[in-house]
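This report is for a reader who is new to the structure. Please look over the sequence and the model before reading on.

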Amino acid sequence: MPCWQGGRVTNNDDLRPFLRTLPVFPDDLPAFDPDEVPDDPVSLFHEWLRHAADEGILAAHAATLATAEPGGGPAARVLILKDVDLDGWSFATHADSPKGRHLAEDDRVAMTFFWPQVGRQVRIRGRARPADHATSASDFLARPADSRVATLVGRQSQPLERPSDYAGALTEARARLTADPDLIAESWTVYVVRADSVEFWQAAHDRAHVRLRYQRADGMWTRTRLWP
Ligand SMILES: Cc1cc2nc3c(=O)[nH]c(=O)nc-3n(C[C@H](O)[C@H](O)[C@H](O)COP(=O)(O)O)c2cc1C
């Protein structure tokens with residue numbers, strides 16, 4: 001039974017059964033054999049990311065990044081992946097944003113990718129460090145002009161009193177970039193997450209989800225199967 005009335009959920013008696021009807025995974029799910037994996041999680045992550053993108057999953061390179069607010073609690077938000085290599089998983093943001101301030105005090109992070117159309121999740125835990133200035137500058141310069149303008153505005157997550165304030169700041173930033181096309185937003189920072197733990201999670205319809213965790217110890221990766 002539809003539980004939406006006039007496009008709105010009227011109460012939780014409607015919402016709970018509605019939630020139970022929502023599909024999560026498609027009928028066909030890919031296989032995952034944990035005995036046939038590379039020694040390092042980076043190679044396997046590359047395989048899974050490309051597979052997700054090849055399946056047409058939107059924002060396959062988007063992840064939820066959790067940080068710890070010093071003296072506060074955890075905070076999470078979605079970010080775009082910039083690179084993955086043996087140094088780690090890279091993302092970019094403003095160093096003076098809330099998440100940037102968290103990282104300056106506590107570099108521990110969790111990063112989660114979820115690809116529902118293939119029933120896969122990758123869970124990464126590690127420490128984030130800022131890349132060198134040249135890496136951040138080249139990431140900024142590789143962005144489309146409109147993104148650079150928006151980034152130059154800065155003030156990410158600060159209260160916006162009036163929408164017109166933002167429009168004005170955009171106009172000002174656009175003028176600055178036109179006058180100096182090599183301008184770089186100083187706060188724009190690439191962070192690299194050096195993983196201590198990377199878990200690959202493959203859904204199965206019989207609920208025997210396949211989970212494989214790589215853990216780093218003494219510079220080597222070990223692998224462990226986990227109960228579903
Ligand atoms: C698909 C998607 C991609 C995003 N990519 C980025 C990104 O790469 N960098 C970024 O700073 N914010 C990105 N955001 C916005 C963040 O989710 C968040 O709103 C913003 O960074 C402020 O977070 P903070 O207040 O915790 O610092 C993205 C949001 C979405 C939904």
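## Overall make-up

How many helices and strands does the secondary structure of the protein chain come to? The count is six helices and 10 strands. The model is a predicted one.

The protein chain has 228 residues, and 38% of them count as buried. Along its principal axes, the C-alpha trace spans about 60 × 55 × 40 Å.

## Surroundings of the ligand

Which residues are around the ligand? They are Arg77, Val78, Leu79, Ile80, Ala92, Thr93, Ser97, Pro98, Lys99, Gln156 and Ser157. Sorted by class, this shell has five nonpolar, four polar and two charged residues.

Three elements each supply at least two residues of the shell: strand E4 (74-85), strand E5 (88-94) and helix H3 (98-105). The largest share, four residues, comes from E4.

## Polar contacts and cover of the ligand

At Ser97, a polar side-chain atom lies 3.5 Å from a ligand oxygen atom. At Pro98, a polar backbone atom is 3.4 Å from an oxygen atom of the ligand. At Ser157, an N or O atom in the side chain is 2.5 Å from an oxygen atom of the ligand. On its own the ligand has 620 Å² of accessible area, and the protein covers 64% of this.

## The loop between H5 and H6

Ser157, one of the residues around the ligand, lies in the loop between H5 and H6. Arg155 is in the loop between these helices too, with H5 running over 145-153 and H6 over 163-179.

Is Ser157 buried or exposed? Ser157 counts as exposed because its relative accessibility is 57%, over the 50% cut-off. Arg155 also counts as exposed, at 53% relative accessibility.

Most residues other than glycine have a negative phi. In Ser157, phi is near 75°, a positive value. In Arg155, phi is near 60°, also a positive value in a residue other than glycine.

## The largest pocket

Rolling a probe the size of a water molecule over the atoms shows where empty space is left. In this model, the largest pocket holds about 400 Å³ of space. Its lining is made up of 19 residues, and those nearest the centre of the pocket are Val109, Ala110, Ile124, Arg125 and Gly126.

Which strand gives the largest share of the lining of the largest pocket? That share, five residues, comes from E7. The strands that each supply at least two lining residues are E3 (62-68), E6 (108-115), E7 (120-130), E8 (188-202) and E9 (210-217). By class, the lining has six nonpolar, four polar and nine charged residues.

## Ala134 in helix H4

Where is Ala134 placed? This residue is in helix H4, which covers residues 133-141. Ala134 has a relative accessible area of 54% and is therefore exposed, as the cut-off for that class is over 50%.

Ala134 and Thr189 are 55 residues apart along the chain, and their C-alpha atoms are separated by 9.9 Å.

Technical notes:
Residues numbered from 1 in each chain as written. Predicted model: local features only at pLDDT ≥ 70, side-chain atom pairs only at ≥ 80, totals over all residues. Heavy atoms only, no water. Near = heavy atom within 4 Å. Polar contact = N/O pair within 3.5 Å; in protein donor to acceptor, adjacent residues only side chain to side chain. Areas by Shrake-Rupley, 256 points an atom, 1.4 Å probe, with all protein chains shown as cover. Nonpolar A, V, L, I, M, F, W, Y, C, P; charged D, E, K, R; others polar. 1 Å grid on protein atoms, 1.4 Å probe; cavity = no way out; pocket = protein on both sides within 12 Å on 5 of 7 lines; lining within 4 Å. Points joined across faces, edges and corners; volume = space filled by probe spheres on them. Buried < 20%, exposed > 50% of the residue type's maximum accessible area, 1.4 Å probe, protein only.
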